[in-house]
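Student: I have a model open and I'd like to go through it with you. Can we take it label by label?

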Amino acid sequence: MDPNSDLKPMTMESEPLTVTCVARARIPTTTGPDIFLHLYANNRDSKEHLAIVFGENIRSRTLFRRRPGETQQDRMVRGAYVGKLFPGRTVADRDEHLGLELQFGDDGDLVVDEHTWHDQKTLVRIHSECYTGETAWSARCDCGEQFDRAGKLMAMDREGDIIGGQGRGVIVYLRQEGRGIGLGEKLKAYNLQDLGADTVQANLLLKHPADGRDFSMGRAILMDLGIEQVRLLTNNPDKIEQIEDPPYLHCVERVPMVPLSWTHDEEGIHSSEVEGYLRTKVERMGHLLQKPLQLHVHD
Ligand SMILES: [Zn+2]
């Protein structure tokens with residue numbers, strides 16, 4: 001047996017991308033409504049891509065599909081339940097307190113009806129992991145701010161809500177750090193930026209594409225969640241094109257993400273680095289931001 005066999009990719013690149021939701025859990029949040037965190041496996045990489053779902057009735061097809069031999073307890077433990085868990089609950093597919101019940105076809109697939117599902121336009125953000133911006137308080141980019149704002153907008157979006165005051169929306173969280181080049185290479189790119197390169201030049205100097213991100217994983221996850229009509233929170237026209245997959249998935253609206261610092265003097269990120277980062281997005285990557293970028297330049 002080949003000793004390196006487990007280092008090889010699970011599948012060939014040419015196979016169609018498939019995603020499977022392996023677990024879902026309710027997360028009470030410090031700032032807004034409960035969210036449902038979905039963890040995905042796929043046949044392309046071994047990364048744990050995520051979907052942060054606002055709304056109890058947005059349901060993963062692969063998570064909820066009945067599996068041979070599983071118990072109701074198995075289903076509750078992996079998060080394939082309707083309504084809300086409570087101590088002593090024994091049935092995953094029915095929540096008597098809330099009067100909700102799921103139905104399944106002979107093949108085990110979730111039956112989609114108006115009680116368990118919605119087909120409305122859904123606010124969506126496709127977000128790529130950014131350790132520095134989300135966790136290390138970086139003012140080199142606006143990823144952390146965009147992530148927070150997406151969550152706040154979804155928490156407020158109450159239209160058509162069926163369960164207790166929650167908003168509706170999906171943040172797909174893709175593990176492609178540094179526009180796909182990884183954290184180590186991103187740190188090198190930061191040093192090149194401090195030496196005078198812009199974000200595109202720095203990636204090219206390191207022999208990486210200007211933007212190596214791939215949003216097909218995001219599209220597959222949205223389709224697994226049954227999202228058909230997307231209101232996409234983005235300034236990036238490439239993302240709109242990559243998400244679009246008619247007739248199954250359609251971007252019906254682009255919701256712009258205007259940096260907070262442009263509209264609020266006391267809020268958002270004020271740094272020369274983030275101004276340069278945004279300027280490069282507009283001038284070199286075709287992002288759809290309209291405010292002149294010479295404002296708020298700090299020495
Ligand atoms: Zn970032």
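Student: How do you know that strand β2 and strand β3 are paired, and which way do they run?

Tutor: Two strands pair if DSSP finds at least two bridges between them. Five bridges join β2 (residues 35-42) to β3 (residues 49-54), so they pass, and they run antiparallel. One of the partners is L39, bridged to L50 in β3. Keep in mind that this is a predicted model, where local features need pLDDT of at least 70, side-chain atom pairs count only at pLDDT 80 or more, and totals for chains, interfaces and linings use all residues. Residues are numbered from 1 along each chain as its sequence is written, and side-chain values use heavy atoms, leaving out hydrogens and water.

Student: What makes β1 and β9 edge strands?

Tutor: The open, mixed sheet goes β1-β2-β3-β7-β6-β8-β9. β1 (19-27) and β9 (250-255) each have a single partner strand, so one side of each lacks a neighbour in the sheet.

Student: Which strands does helix α4 touch?

Tutor: Helix α4 (residues 143-156) packs on the sheet against β3, β6 (122-128), β7 (169-174) and β8 (229-233). Contact here means heavy atoms within 4.5 Å.

Student: Why is C130 called buried?

Tutor: Buried means under 20% relative accessible area, exposed over 50%, partly exposed in between (1.4 Å probe, protein chains only). C130 has 3%, so it counts as buried. C143, with 13%, is buried too.

Student: How many disulfides are there?

Tutor: The count is zero, where a disulfide is a pair of cysteine sulfur atoms within 2.5 Å.

Conventions
Helices (H or I, at least four residues) and strands (E, at least two) are DSSP runs, numbered from the N terminus. Axes are lines fitted to C-alpha atoms, for helices over the stretch in contact, and angles run from 0 to 180 degrees between N-to-C directions.
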